[in-house]
Amino acid sequence: MYLRCILLMGEAYKTILLVEDEPDTRFLILASFEFANLPLSFQVVENGQEAVNYLSGKESYADRECYPLPVMIMTNIRLPYMSGFDLLEWVKQHSKLRHLPVLVISVSDDPDDLVQAASLGACSYFVKTSSYNDLIDIVAKQVL
């Protein structure tokens, strides 16, 4: 579990929940956003079940001051325990969460994955081999 809180003059930045099991990808995403210097902070979990616990405020995520509800979820498709598609479906079934934009990130550029993500309610689909500047633009348009 990772915790990254950023405060600016007492104001919390908008929080994004990043659901990613690959350490290198986590590093690239977090470094790209840090370099972009946007008013965003990240909470990072490594699998879909941990994301459900976070979003539900269960277990170690009960303190919403430390673990605020995010303004966006970024999830990998292929995750241990619960896929990104399953997480997306879970989010969209919960009235308090269904409004959250969910951005799907994947190594796959398979059109079937894109169609499935859209049919489940994803706001965007990002292929990891693309420019991380494109990812920053997608997120900024959704939450800033």
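**Salt bridges and a helix pair in a predicted model**

A search of the whole structure finds 3 salt bridges, a salt bridge being a side-chain nitrogen of Lys or Arg within 4 Å of a carboxyl oxygen of Asp or Glu. The structure is a predicted model, in which local features need pLDDT of at least 70 and side-chain atom pairs count only at pLDDT 80 or more, while totals for chains, interfaces and linings use all residues. Residues are numbered from 1 along each chain as its sequence is written, and side-chain values use heavy atoms, with hydrogens and water left out.

R26 and E46 form another salt bridge, in which the closest N and O atoms are 3.8 Å apart. R26 lies in helix α1 and E46 in the loop between β5 (40-45) and α2 (48-56), so the pair ties together parts that are 20 residues apart in sequence. R26 is buried, with a relative accessible area of 6%, whereas E46, at 28%, counts as partly exposed.

R78 also forms a salt bridge, with D113, and here the closest N and O atoms are 3.5 Å apart. The two residues are 35 residues apart, R78 being in the loop between β6 (72-76) and α3 (84-92) and D113 in helix α4. R78 is partly exposed, with a relative accessible area of 48%, while D113 is buried at 9%.

Helix α1 (residues 23-36) packs with helix α5 (residues 132-143) at an angle of about 65°, their axes being 10 Å apart; axes are lines fitted to C-alpha atoms, for helices over the stretch in contact, and angles run from 0 to 180 degrees between N-to-C directions. The two helices α1 and α5 are therefore roughly perpendicular to each other, a label given to angles of 65 to 115 degrees, with those under 35 counted as roughly parallel, those over 145 as roughly antiparallel and the rest as oblique. The contact, meaning heavy atoms within 4.5 Å, is made by T25, L28, I29, S32, F33 and A36 of α1 and by Y132, L135, I136 and V139 of α5.

Notes
Helices (H or I, at least four residues) and strands (E, at least two) are DSSP runs, numbered from the N terminus. Buried means under 20% relative accessible area, exposed over 50%, partly exposed in between (1.4 Å probe, protein chains only).
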